[in-house]
Amino acid sequence: MLALTTAACAAGAPSRGATGVYAARPPPLAERLAGPPWSWMEPEQLAPDTGSQSDEELLAWLISADRAQRAEAQVRLLPRGESLLPGLESLAAGARDDEARSALLEFIQLLTRRRVHPELLGGHPELSALSAKAVARGQGLVAFWEVEPAPRELIEEQPVVLCGNDGRPVSRLRIEGRRLQELRDKLATLGGLALPGVERLLASPSATVRLQGVVLTAALGLRPIQATLERLRNDPGEVELDARYEASDLAVKAGRASWRSRVSISQRASLVARRLDAVGRQVREDDKPLYRIEDGIVEWLGGIRKTGAADDNPSLFDMLSGDLINGLRQGGGMDATDAQQYWNRVRPAWRLFWMTVGARVDDYRREDWFALLDSRNGYQLRKEPGSGDEAVLRIEAPVGVEAEVVAFPTVPNDAVVVQRGVLPLTLSFKEPVYTLGIRLRSGGDWVDSGPFFAPRKGARMTVWLQPEFFQRYLKERAARR
């Protein structure tokens, strides 16, 4: 079992500032600007860290005031599950200030979503006391629902498929009623500590309420105890719901607006149970450590959000998860051979994510994240709606730089110069443009980007360049090929 033996905890006052490697090295510098979205970031700022962290050190990181450090510890410790409880109990016993206890509660809410059932906290007095208010909150919300349930809160949404496709597609049970949406959103703020309350819904004598509990379980990403799952798999109850086709052109052609459908609780519960262990990819015995680490990041990212899904079949892998993982891969994680090496390599980019995106994961703007990562390579993009049907490309640089814009109408090696001049340049295209490249003059030579940018019809793309960084990036990219 893990045990916390840090000097800070022994003194009864764990440190609240950044510690270890987070304290030893400043984070990358990123400043928002009015022209390019971000200041230009020296590539050296994302150089790998060194060293290693023990389990005891990671436990202490859980109450760090540095959000990136706290989040890294959460991701790395989450798979340890129940074995963490003794160490967490010791940490809770020493954490007496409100901020430290709030940070620890944050991790408990993550841990209890799928890894540790809240009832296991009962054997650890400090953790039980820390969690009691949230558990009671969830129980109270459900108790009110049991007294005044709302029966017509779910709608079955059926996909439309073309004739000849094998198999019947799985429908979704969408939370459409305002009251059930409000209950979901309030329970979502409790993380896994909402589970005791949700399990009361799953044990309700009303088949309608039990089905609502099954949908909430999936929408909130919670894992009930195994006995509850087995009972629901054998639940004979059925509930009649309004049904419709999901929005699509095919649905319009089908012509059937809505109908009544009978939904089996056992079938829906079986679907939810199967998804609890799904990771959104094909798992193999010889998986790289990288993939298992990334599975943990996806699980963690789903847990820190304070909003529930709209139905009982939420996506396992969303846009933010993919963008973060790809950014960390570009930051050096792709070739890591173990977890320690992975985190040493990606930690600078991870800290960058928390400085810019992590504080508002429920309002993610992916172009901000991409522009920030790309700034180390000497370019940043912004895509905006245009004012007409043309595709508009504007290229800017901090100083006058001679450049050529080239198109590739047939094959990548068949480049045609579209415009030549000193930046900034603005180009408009009435016909579709698939790929454009930039050539910059470096001394007496041209440095060629190859196919690089693809402005869309009816949209405006602005490209900001930092010539020194961009030329270095293009040369390094060419050398790797």
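What follows is a chat about a predicted model of one protein.

User: Let's talk about α10. Which residues does it cover, and how does α13 pack on it?
Analyst: α10 is residues 207-220, and α13 is residues 265-275. Their axes are 10 Å apart, at an angle of about 15 degrees. Angles under 35 degrees count as roughly parallel, so that is what this pair is.

User: Which hand is the crossing of α10 and α13?
Analyst: Left-handed.

User: What about α8 and α10, at what angle do they cross?
Analyst: Roughly 45 degrees, with the axes coming within 11 Å. α8 is residues 178-188. The two helices are therefore oblique to each other, and the crossing is right-handed.

User: Is α10 mostly covered or mostly open?
Analyst: Mostly covered, with 12 of its 14 residues buried. Among them are R210, Q212 and T217, along with V214, V215 and L216.

User: How far does α10 reach from its first C-alpha to its last?
Analyst: It reaches 20 Å, close to the 20 Å expected for its 14 residues at 1.5 Å a residue. Just after the helix, G221 takes a positive phi of about 70 degrees. For context, most residues other than glycine have a negative phi.

User: Switching to α18. How far apart are its end C-alpha atoms?
Analyst: They are 20 Å apart. α18 runs over residues 467-480, so its 14 residues should span 20 Å at 1.5 Å a residue, and the two values agree.

User: What caps the N-terminal end of α18?
Analyst: Q466 does that, with a side-chain oxygen 3.1 Å from the backbone nitrogen of E468.

User: And which α18 residues are buried?
Analyst: P467, F469, F470, Q471, Y473, L474 and R477.

User: Now the rings. How many aromatic pairs does the structure hold?
Analyst: It holds 16. One of them is W350 with F353, a stacked pair at 6.3 Å centre to centre and 25 degrees between the planes.

User: Where do W350 and F353 lie?
Analyst: Both are in α16, residues 339-356, and they are 3 residues apart, about one turn of the helix. An α-helix has 3.6 residues a turn, so residues three or four places apart point the same way.

User: Which residues do ring pairs link into a cluster?
Analyst: The cluster consists of W300, Y342, W343, W350, F353, W354 and W369.

User: Prolines next. Which residues does a cis peptide bond join?
Analyst: L423 and P424, with omega at about 10 degrees. P424 sits in the loop between β8 (416-422) and β9 (425-429). Most peptide bonds are trans.

User: And where is P36?
Analyst: P36 is in the loop between α2 (20-24) and α3 (55-61). With a relative accessible area of 14%, P36 is buried.

User: Last one: how far apart are P36 and H117?
Analyst: They are 81 residues apart in sequence and 47 Å apart in space, C-alpha to C-alpha.

Conventions
Residues numbered from 1 in each chain as written. Predicted model: local features only at pLDDT ≥ 70, side-chain atom pairs only at ≥ 80, totals over all residues. Heavy atoms only, no water. Helix = DSSP H or I, 4+ residues; strand = E, 2+ residues; numbered from the N terminus. Expected span 1.5 Å × (residues − 1). Buried < 20%, exposed > 50% of the residue type's maximum accessible area, 1.4 Å probe, protein only. Polar contact = N/O pair within 3.5 Å; in protein donor to acceptor, adjacent residues only side chain to side chain. Phe/Tyr/Trp six-rings, centres within 6.5 Å; stacked < 30°, edge-to-face > 60°. Axes fitted to C-alpha atoms, helices over the stretch in contact; angles between N-to-C directions. Parallel < 35°, antiparallel > 145°, perpendicular 65-115°, else oblique. Left-handed = near helix turned anticlockwise from the far one by under 90°.
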